Protein chains: 2
Amino acid sequence: MRIGELAERAGTSTRTLRYYEARGLVRPRRAANGYRCYDEAELRVVHEIRALLAVGFDLDDIRPFVACLRAGNSSGDVCPDSVAVLRRKLAEVDDYLDRLGAVRRQLHDQLARAIAHREETCLRTRQRPE
Amino acid sequence: MRIGELAERAGTSTRTLRYYEARGLVRPRRAANGYRCYDEAELRVVHEIRALLAVGFDLDDIRPFVACLRAGNSSGDVCPDSVAVLRRKLAEVDDYLDRLGAVRRQLHDQLARAIAHREETCLRTRQRPE
DNA sequence: GGTTGCCTTGACGTCGGCGGCAAGGTTTAG
DNA sequence: CTAAACCTTGCCGCCGACGTCAAGGCAACC
C-alpha cells in the first residue's frame, strides 16, 4: 500500500510516516516510480509506535519494540531490549509520580493557606467599623 | 542593585532576568547610563517566580502572583487571580496524576505479560530436546 | 490536452525557558 | 593609557514530534 493509505489506516499523517522513516523506525520498499510501498506488517509497526508514544515514550525508546516486532514476535514487548526499556520507563514514571505527588501536596497547602488568609482578612475588614 | 548582583542573589543568570523583563514580569528602573536598577522588592519577586516555575507553572500563570506581591501583599498567593490559578493548577495536577497512574498500570501489566511470555518460551525451549 | 489527486524532496515554523555569542558602551582601578 | 569587569541590545540555537508550505513528478480519467 502507498503512504496515503497507510496514513489513513493508521490514523496519522503522511508527514508523520515520513518522519518515522527519517528516524529509522519504518522502512518501506520503493516502487519503480519512487513511491513508498508498505506491506501489512508496517501497519502493525505504526500502531505499536503510536501506542507507545501515547504512553509517553520517545522515538528512540520505541526502536527496540519495532525491532522486536520485525524479528517475528507476536508482541513488541517480549524481547530483552524492550523489557529493559519497559523497566526503565516504569521506574521513571514512579519517580515522576512521587515528585508530582509532592507538588500536589504543596499546591494544596499553598491554596489552603491563601484561602485561610483571605478569610481572616475578610473578618478583620468586617470588624473594622466603616 | 544592578542585574549581576540580583542574578547572583537570586541564584539565576542575568539572561534569565532580562527574559523575565521581556515577558513583563520584572520592571527595573534605569540608571542614567542605561543600566537596569532593581530594588530589594524585586529579589522577592524573582524568588516567587523561581519557586512557581519549579512547581511547574509557566510564566503566564505566574503573572498574577507577581502582581499580587507588587500590590503590597506579604504573599503572592492571596489575591483572587492567584487563587484561581492555584485552583486550576491543582486540578491540572490531579488530572495528570490520574493519567500517569493509568500509564503506570499499563506499563506494569505490559511488563508483567512480557516477562510471563519469556518464562513460557524459556520453558518450551528447555523441554525441546537439543 | 487538461485536470485532479496522488506522490516526491527540502526546508522552515512551532512551543518555552532560557544559553551563548557578538559587538559595543561604561566604570573603576592601577 | 589600558585592562578588567561590568553593562547594553540583538539574534541564533536547543529539544521533539511533527505541521505546513513550495515546487515539481506521476497516474488516471474525461
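How are H3(A) and H4(A) oriented to each other? In this predicted model, in which local features need pLDDT of at least 70, side-chain atom pairs count only at pLDDT 80 or more, and totals for chains, interfaces and linings use all residues, helix H3 (residues 40–55) of chain A packs on helix H4 (residues 59–70) of chain A at an angle of about 155 degrees, with the axes 10 Å apart. H3(A) and H4(A) are therefore roughly antiparallel to each other. Residues are numbered from 1 along each chain as its sequence is written, chains are lettered from A and ligands numbered from 1 in the order in which they are written.

Helices (H or I, at least four residues) and strands (E, at least two) are DSSP runs, numbered from the N terminus. Axes are lines fitted to C-alpha atoms, for helices over the stretch in contact, with angles from 0 to 180 degrees between N-to-C directions. Angles under 35 degrees count as roughly parallel, over 145 as roughly antiparallel, 65 to 115 as roughly perpendicular and the rest as oblique.

The crossing of H3(A) past H4(A) is right-handed (the near helix is turned clockwise from the far one by less than a right angle). On the H3(A) side, Arg44(A), Val45(A), Glu48(A), Ile49(A) and Leu52(A) meet Ile62(A), Phe65(A), Val66(A) and Leu69(A) of H4(A), contact being taken as C-beta atoms, placed from the backbone, within 7 Å. This contact of H3(A) with H4(A) comprises 7 nonpolar, no polar and 2 charged residues. Ala, Val, Leu, Ile, Met, Phe, Trp, Tyr, Cys and Pro count as nonpolar, Asp, Glu, Lys and Arg as charged, and the others, Gly among them, as polar.

In chain B, the axes of H1(B) and helix H3 (residues 40–55) come within 10 Å and cross at roughly 45 degrees; H1(B) and H3(B) are therefore oblique to each other. H1(B) also passes H3(B) in a right-handed crossing. Leu6(B), Arg9(B) and Ala10(B) of H1(B) make the contact with Glu42(B), Leu43(B), Val46(B), His47(B) and Arg50(B) of H3(B). The classes there are 4 nonpolar, 1 polar and 3 charged.

Between the chains, 28 residues of chain B are in contact with 27 residues of chain A. Helix H5 (residues 80–127) of chain B gives the most to the chain B side, with 23 residues. That side has 14 nonpolar, 7 polar and 7 charged residues.

Chain B is superposed on chain A by a rotation of 180 degrees with 0.0 Å of shift along its axis (RMSD 0.2 Å), using least squares on the C-alpha atoms of residues with pLDDT of at least 70 in both copies. This is the relation of a two-fold axis. Leu97(B) has the C-alpha nearest the axis in chain B, 3.4 Å from it. The same surface serves both copies, as 96% of the contact residues of chain B recur in chain A.

Note on methods: Two residues are in contact if their C-beta atoms, placed from the backbone, lie within 7 Å.
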